[in-house]
Amino acid sequence: MSMNTEFRPTIVAFCCNWCSYAGADLAGSSRLAYPADVKIIRVPCSCRVNPMFILRAFEKGADGVILCGCHPGDCHYSTGNYYARRRMTLLFSMLDYLGVENGRTRVEWVSAAEGVKFSETMNSFVEKIRSLGPNVRLGDLRCKD
Amino acid sequence: MQRLIDRAKALLESGEVARVLGWRKGENVWDVEPAFFASPEELSDFVYNGFCGANLSKYMIEASKLEGKTLVFLKPCDTYSFNQLTTEHRVDRETAYIVGVGCKGKLKIENIDAKGILDVQGAGYPDASEILTVKTLYGDKEVSYKDAMLERCHVCKGKEHMVYDELIGESVDTCDGDRFAEVAKIEAMSPEEKFAYFQSELSKCIRCNACRNVCPACSCRKCVFDSNKFDSAQKANTISFEEKMFHIIRAFHVAGRCTDCGECSRVCPQGIPLHLFNRKFIKDIDSLYGTWQAGAEVDARGPLTNFRTDDAEPSIVTKRG
């Protein structure tokens with residue numbers, strides 16, 4: 001029996017309850033496909049995402065992390081995503097500074113009406129992570145060959 | 001130094017202040033430690049010399065909960081931290097009587113040791129441009145003051161006190177370097193080189209938490225790193241990413257509030273250049289959200305608790321390459 005050696009990345013997607021999570025629902029009910037490698041975690045606002053969530057996801061074996069929130073100006077809580085935007089910019093810049101490929105993190109603004117954009121974003125992000133290969137710099141390096 | 005002691009004595013005796021927060025001589029000449037002095041007699045142990053690098057503003061958090069005023073000696077760079085703590089309502093300005101002390105740059109014993117000058121018994125406190133005479137067991141040795149100075153004094157923010165009740169002593173400008181030169185050098189490396197550089201620096205980390213404990217910006221009563229759910233609370237290294245996680249998060253938690261006082265690097269027993277993390281955030285904040293110096297003014301809104309509708313998107317990091 002031959003092993004399936006094709007690389008299937010683990011992608012964690014933090015999705016805002018008020019937009020992208022509903023956008024993912026819309027993608028599903030519109031029968032738009034996106035890879036099953038994407039694991040969605042619902043958060044009340046993109047601003048809820050602590051930098052530690054992202055680092056922890058990588059540590060526990062994620063190959064890519066994407067944060068989806070409402071378009072700037074459309075936050076359910078008025079301004080949450082503006083703060084998230086600054087935080088994530090600084091965090092991604094720091095990851096780049098440490099020599100971790102910055103293509104493994106992304107922020108996208110996806111509204112509840114953008115099922116198509118959600119599916120396209122996830123497809124392109126998974127494609128990008130597949131091309132980068134497994135994440136070796138950020139993960140738990142124990143017991144792996 | 002005598003002027004500082006005399007002034008502290010006078011204020012203690014007049015009852016204007018209940019205690020003095022200053023530096024006390026330690027076992028060795030370079031082990032100067034922060035200390036409270038409750039009576040004029042205790043002040044005999046007070047010192048102020050080139051080894052008094054410690055930023056005393058953090059100790060004001062506890063002192064401002066005590067009865068009566070506290071006389072605190074602050075160097076120019078410490079006053080930024082004090083202002084930042086006042087802005088965050090961690091320190092009450094009314095409980096502090098601030099004596100701004102002059103600063104001619106602070107010394108790092110490792111730099112003196114590295115010159116082959118060992119068994120130091122004493123050191124003068126000349127101007128930064130001059131020669132430092134070090135008393136050792138083997139007689140007097142000389143070293144250029146600049147060579148013995150802490151890294152942070154080479155990129156000094158200036159010798160002006162941001163907040164004070166009175167000033168004692170003269171300052172001498174010590175700035176002779178570019179604050180962001182080292183950060184820019186690392187930014188120019190390839191991802192592999194960057195990773196290797198930080199891997200080798202951070203693998204020295206022994207998780208003593210000294211950088212966190214000394215940081216005036218790290219003033220949370222409950223710290224995320226004290227949770228036993230956090231990996232680095234376990235002292236044994238199990239995952240190669242744990243140290244990076246700790247240091248990224250430590251720097252992130254003070255981003256926008258860090259005054260770049262350089263205490264983290266000064267106290268690190270392993271000599272990890274921790275200021276490189278903080279300065280990277282400062283450099284990014286300056287370039288993306290406008291020049292910002294934490295603690296330069298009281299009650300200013302920090303860059304991470306503020307926003308503009310036309311801020312850069314996080315994808316700028318990838319584009320910048």
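**Starting point.** I am working from a predicted model.

**The interface.** I looked up who touches whom: 34 residues of chain A are in contact with 31 of chain B. On the chain A side, I found that helix H2 (51-59) and helix H3 (80-97) are the elements giving two or more residues. H3(A) supplies the largest share, 14 residues. I also sorted that side of chain A by class and got 17 nonpolar, eight polar and nine charged residues.

**H3(A) against H12(B).** Next I checked how H3(A) packs on helix H12 of chain B, residues 275-289: the angle is about 130 degrees and the axes are 10 Å apart. Angles over 145 degrees would count as roughly antiparallel and 65 to 115 as roughly perpendicular, so I have this pair down as oblique. The crossing of H3(A) and H12(B) is right-handed.

Which residues meet here? From H3(A) I noted Thr89(A), Leu90(A), Ser93(A), Met94(A) and Tyr97(A); from H12(B), Lys280(B), Phe281(B), Asp284(B) and Leu288(B). By class, this helix contact has five nonpolar, two polar and two charged residues.

**Chain B overall.** I then turned to chain B, where I get 13 helices and eight strands. Its C-alpha trace spans about 60 × 50 × 40 Å along the principal axes. A compact globule of 321 residues would have a radius of gyration near 20 Å, and chain B agrees, with 20 Å. Of those 321 residues, 39% count as buried. Last, I looked at contacts in chain B between residues at least 6 apart in sequence: 65% of them join residues at least 24 apart.

Key:
Residues are numbered from 1 along each chain as its sequence is written. Chains are lettered from A and ligands numbered from 1 in the order in which they are written. This is a predicted model: local features need pLDDT of at least 70, side-chain atom pairs count only at pLDDT 80 or more; totals for chains, interfaces and linings use all residues. Two residues are in contact if their C-beta atoms, placed from the backbone, lie within 7 Å. Helices (H or I, at least four residues) and strands (E, at least two) are DSSP runs, numbered from the N terminus. Ala, Val, Leu, Ile, Met, Phe, Trp, Tyr, Cys and Pro count as nonpolar, Asp, Glu, Lys and Arg as charged, and the others, Gly among them, as polar. Axes are lines fitted to C-alpha atoms, for helices over the stretch in contact, and angles run from 0 to 180 degrees between N-to-C directions. Angles under 35 degrees count as roughly parallel, over 145 as roughly antiparallel, 65 to 115 as roughly perpendicular and the rest as oblique. A crossing is left-handed if the near helix is turned anticlockwise from the far one by less than a right angle, and right-handed if clockwise. The radius of gyration is taken over C-alpha atoms; the globule rule is 2.2 Å times the number of residues to the power 0.38. A residue is buried if 20 or more other C-beta atoms lie within 10 Å of its own, exposed if 12 or fewer, and partly exposed in between; C-beta atoms are placed from the backbone.
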